[in-house]
Amino acid sequence: MAFKESVLAKLFICANEYNKLIGIDFVITSKYFVNKDAYLLRFHKDNFLHLTGVTTKLYAEEFFCKCLHKTLKLEEFDCDNNDEIKGKVKEKMKNLSNIGNFFDCELIFQESFEKNRVKCKIATSDGKCTLGFIKIKNDVHVPLTLLNKNQIKIENAITNFKIEKVVK
C-alpha cells in the first residue's frame, strides 16, 4: 500500500477518534496553575485538519466531515511532498488514532507551553504525545498542535489537577 493510501485509511480512523471529543468540554483546574484557576478545553471540527499534518484545499470542517464519513479522496489532500513531511504525518497519525481516549490516560499539564515556533496557553501530555491549546473567544481553548512524545519539561509539569468532563 502506498504511503498516501495508508494515510487516507488512518485519517478515517483518526476522524472517528477525534469525533469522540467533540461536544465535550474539558474543564481543567489546579491550585498549581499560575495564569488561571481553570482552563476550558474544547474540540471543534475545524481543528482536526491542523492536527493531521496534511495539506488540502478543502475547508477544515469539510475535510473533517469527509474523513469522518470516509468520502475523502486521495486527490483531495497532500502528505508526501518530502521525507520530513512524511515523518511528521506518520507521527501525527500514530498519535491522533488514539486521541478519543486521551483524557482517560494519566496526564501532565504545562501552562505557557513553547516548543520551537509553537506557543500555547496550555499543553498536556500522556507521555506518548503532547497536545497544545490556544485561547479563542469566550475563554475557550482549542487544540493547536499535536507533537510526538512528551514535550513538557518535567520542571514545568503540573501533575495535581482535576478534569471535569461536561457533555454539551
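## Aromatic pairs

Rings of Phe, Tyr and Trp, the last taken by its six-membered ring, are counted here as a pair if their centres lie within 6.5 Å, and a pair is called stacked when the planes are under 30 degrees apart and edge-to-face when they are over 60. The model is a predicted one, and a search of the whole structure finds 12 aromatic pairs in it. One of them joins Phe26 and Phe103, whose rings are stacked with 4.1 Å from centre to centre and 20° between the planes. This pair links distant parts of the chain, since Phe26 belongs to strand β1 whereas Phe103 is in the loop between α4 and β3, 77 residues apart. Both Phe26 and Phe103 are buried.

Another pair is made by Phe43 and Phe133, with ring centres 5.8 Å apart and planes at 85°, so that it counts as edge-to-face. Because Phe43 lies in the loop between β2 and α2 while Phe133 is in strand β5, the pair ties together parts that are 90 residues apart in sequence. Phe43 and Phe133 are both buried. The residues of these two pairs also belong to one aromatic cluster, formed by Tyr18, Phe26, Phe43, Phe48, Phe63, Phe64, Phe102, Phe103 and Phe133.

Two lysines are placed over aromatic rings. Lys4 lies over the face of Phe77, at 5.1 Å from the ring centre, and the charged end of Lys86 sits over the ring of Phe3, 5.6 Å from its centre.

In soluble globular proteins, nonpolar side chains tend to be buried together. Here the largest nonpolar core has 40 residues, of which Leu11, Leu41, Phe48, Phe63, Leu72, Phe77 and Phe103 touch the most other members. At least two residues of this core come from each of α1, β1, β2, α2, α3, α4 and β5, and α1 gives the most, with 7 residues. A second, separate core is made of 6 residues, among them Phe113, Cys120, Ala123 and Leu147.

What surrounds Leu41, once its neighbours within four places in sequence are left aside? Leu41 is in contact with Ile24, Asp25, Phe26, Ile28, Phe103, Phe109, Ile122, Phe133 and His141, and this list includes both members of the stacked pair, Phe26 and Phe103.

Val140 lies in strand β6, which spans residues 140–148, and counts as buried because its relative accessibility is 4%. Apart from neighbours within four places in sequence, Val140 is in contact with Leu40, Arg42, Ile134 and Lys135. Thr145 is found in strand β6 as well, and with a relative accessibility of 7% it too counts as buried. When residues up to four places away in sequence are not counted, Thr145 touches Leu51, Lys92, Val118, Cys120, Thr130, Leu131 and Gly132.

Helix α4 has 14 residues and reaches 20 Å from its first C-alpha to its last, which is close to the 20 Å expected at 1.5 Å a residue. Its buried residues are Val89, Lys92, Met93, Asn95 and Leu96, and they line one face of the helix, because they fall within an arc of 165° when seen down the axis of α4. These buried residues pack against α1, α2, β5 and β6, whereas the face turned away from the buried side carries the exposed residues Asp83, Glu84 and Lys90.

In α3, the buried residues are Phe63, Phe64, Lys66 and Cys67. Seen down the axis of α3, they fall within an arc of 165°, so they line one face of that helix. What covers the buried residues of α3 includes α1 and α2.

Most residues other than glycine have a negative phi. Lys70, although it is not a glycine, has a positive phi of about 60°; Lys70 follows α3 and is placed in the loop between α3 and α4. With a relative accessible area of 59%, Lys70 is exposed.

Asp139 is also a residue other than glycine with a positive phi, near 60°. Asp139 lies in the loop between β5 and β6, where it is partly exposed, with a relative accessible area of 30%.

Note on methods
Residues are numbered from 1 along each chain as its sequence is written. This is a predicted model: local features need pLDDT of at least 70, side-chain atom pairs count only at pLDDT 80 or more; totals for chains, interfaces and linings use all residues. Side-chain values use heavy atoms; hydrogens and water are left out. A nonpolar core is a set of buried Ala, Val, Leu, Ile, Met, Phe, Trp, Tyr and Cys residues joined through side-chain atoms within 4.5 Å. Buried means under 20% relative accessible area, exposed over 50%, partly exposed in between (1.4 Å probe, protein chains only). Helices (H or I, at least four residues) and strands (E, at least two) are DSSP runs, numbered from the N terminus. Contact means heavy atoms within 4.5 Å. A charge sits over a ring if NZ of Lys or CZ of Arg is within 6 Å of the ring centre and within 35 degrees of the ring normal. The expected span of a helix is 1.5 Å times one less than its number of residues. The arc is that of the directions from the helix axis to the C-beta atoms.
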